[in-house]
Amino acid sequence: MSLPTLWFVILAGSLGTFLARYSFFWLSGRKALPEEWIRILRFVPPAVLAALIVPGVIAPGLETENPLFNPRIIAALIAITIAWKSKNVMATFAFGMGALWLLQYVETLL
Amino acid sequence: MTTSQNRSAFLSGMLAMLPVTPGIIPFAMISGMAALDAGMSPLTAQLYSVFVFAGASQIAAAQLITSHAEPLVIILTIWIINLRFVMYSASMSSKLPPSSIPKALQAYVMTDQSFAICAGMFDQNQVPYENRAMFYLGSSVIMWLIWQMATGVGIAFGSIIPTSWSLDFGVWLCFIAIMIPGLKDFPAIIAALVGGSLALALHGLPFNLGLVIASVVGIACGYLTEKKLSSNLPVKSDNDAKERFQ
């Protein structure tokens with residue numbers, strides 16, 4: 001990506017992000033967010049994050065790796081379980097990375 | 001408000017964030033490393049982090065740059081991921097007292113974590129109303145400082161970490177750690193399942209359109225599921241984000 005394009009992406013991305021944060025500070029009590037919008041927006045994090053995670057974990061191994069033993073998919077499932085039980089970022093990170101390293105080691109033995 | 005009152009409210013806000021700050025350090029380091037992988041210079045990578053200051057979108061956009069996605073798709077992805085801040089903005093702006101702190105600054109420093117902690121404590125009246133603006137500023141500023149410093153560490157030392165450590169996998173772990181605690185009811189789980197599976201099915205689409213389509217359809221499915229289940233459920237956007245970082 002050329003430098004001007006890169007900066008265009010950074011600035012446009014930043015501007016949109018700032019406007020999202022600033023939106024209701026700017027309106028500051030003049031208007032309430034319609035309840036319907038709050039209901040819709042609450043589904044943004046789960047839908048978007050899942051749409052990033054699932055292909056990110058699964059797609060790279062689809063063609064190359066052993067479909068029955070994919071360390072990244074198994075480690076991600078372990079991390080999901082830890083995140084579900086502990087709600088702790090550090091624990092999710094530690095168990096997820098630990099599981100991946102262990103499984104990658106096991107893979108070399110197979 | 002006295003200066004000492006302001007100062008102690010600011011410090012209390014910083015201290016309130018201690019439990020969540022360890023979690024953002026690997027996240028920020030990975031975002032710095034991802035920016036370098038995308039071909040940014042170290043300075044650009046740090047400025048990128050200062051300008052956008054929203055980790056999930058920084059990493060996602062850096063990865064799209066690495067995979068040569070269309071610039072407009074990358075911008076759209078950043079916007080979609082950060083649309084949730086509209087929700088936080090609506091909530092936080094109604095909780096803060098009038099103050100001399102510029103609203104643009106209050107908006108810029110807002111993060112998932114500072115919003116979650118502050119909104120929770122404000123609702124339980126753990127912070128006196130007149131102290132809230134400084135408390136919120138302190139909690140957000142400490143997040144900003146740690147985020148930028150850890151990003152810098154990732155930029156400086158990320159390249160000496162061998163690829164065999166698979167630290168890139170940490171990106172997905174960060175996203176999992178953010179997303180999973182938010183899946184607290186059936187409609188939210190539907191939004192995630194639809195968004196995730198559709199994104200996988202469509203991942204071969206050009207311009208990474210799969211992500212955009214899957215996100216929009218996932219959001220719609222979650223919303224429609226909630227509507228179908230009950231038309232008078234209480235609105236829980238606030239609690240949803242708050243409880244995510246307990």
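Guide: In this predicted model, B:Asp185 and A:Arg42 form a salt bridge whose closest N and O atoms are 3.0 Å apart. A:Arg42 is in the loop between helix H2 (35-41) and helix H3 (44-58) of chain A, while B:Asp185 is in the loop between H10 and helix H11 (186-201) of chain B, so the pair joins two chains. Both A:Arg42 and B:Asp185 are buried.

A:Arg42 also meets the side chain of B:Glu226 in a salt bridge, at 2.5 Å from N to O. This pair likewise crosses between chains, B:Glu226 being part of helix H12 (residues 209-229) of chain B. B:Glu226 is buried, as is A:Arg42.

The surrounding interface brings 89 residues of chain B into contact with 64 residues of chain A. The two chains bury about 6900 Å² between them, with 78% of it on carbon and sulfur atoms. Between chain B and chain A there are 3 salt bridges, and 15 residue pairs are in polar contact, both residues at pLDDT 80 or more. On the side of chain B that touches chain A, helix H10 (residues 169-179) gives the most, with 10 residues. That side of chain B divides into 60 nonpolar, 19 polar and 10 charged residues.

Over all chains, the count comes to 5 salt bridges. One of the salt bridges lies within chain B, where B:Lys95 pairs with B:Asp123 at 3.1 Å between the closest N and O atoms. B:Lys95 in helix H6 (residues 84-95) and B:Asp123 in helix H8 (residues 112-123) are 28 residues apart. Returning to the part requested, salt bridges that share partners join A:Arg42, B:Asp185 and B:Glu226 into one network.

Terms used:
Residues numbered from 1 in each chain as written. Chains lettered and ligands numbered in written order. Predicted model: local features only at pLDDT ≥ 70, side-chain atom pairs only at ≥ 80, totals over all residues. Heavy atoms only, no water. Contact = heavy atoms within 4.5 Å. Buried area = accessible area lost by both parts, 1.4 Å probe. Salt bridge = Lys/Arg side-chain N within 4 Å of Asp/Glu carboxyl O. Polar contact = N/O pair within 3.5 Å; in protein donor to acceptor, adjacent residues only side chain to side chain. Helix = DSSP H or I, 4+ residues; strand = E, 2+ residues; numbered from the N terminus. Nonpolar A, V, L, I, M, F, W, Y, C, P; charged D, E, K, R; others polar. Buried < 20%, exposed > 50% of the residue type's maximum accessible area, 1.4 Å probe, protein only.
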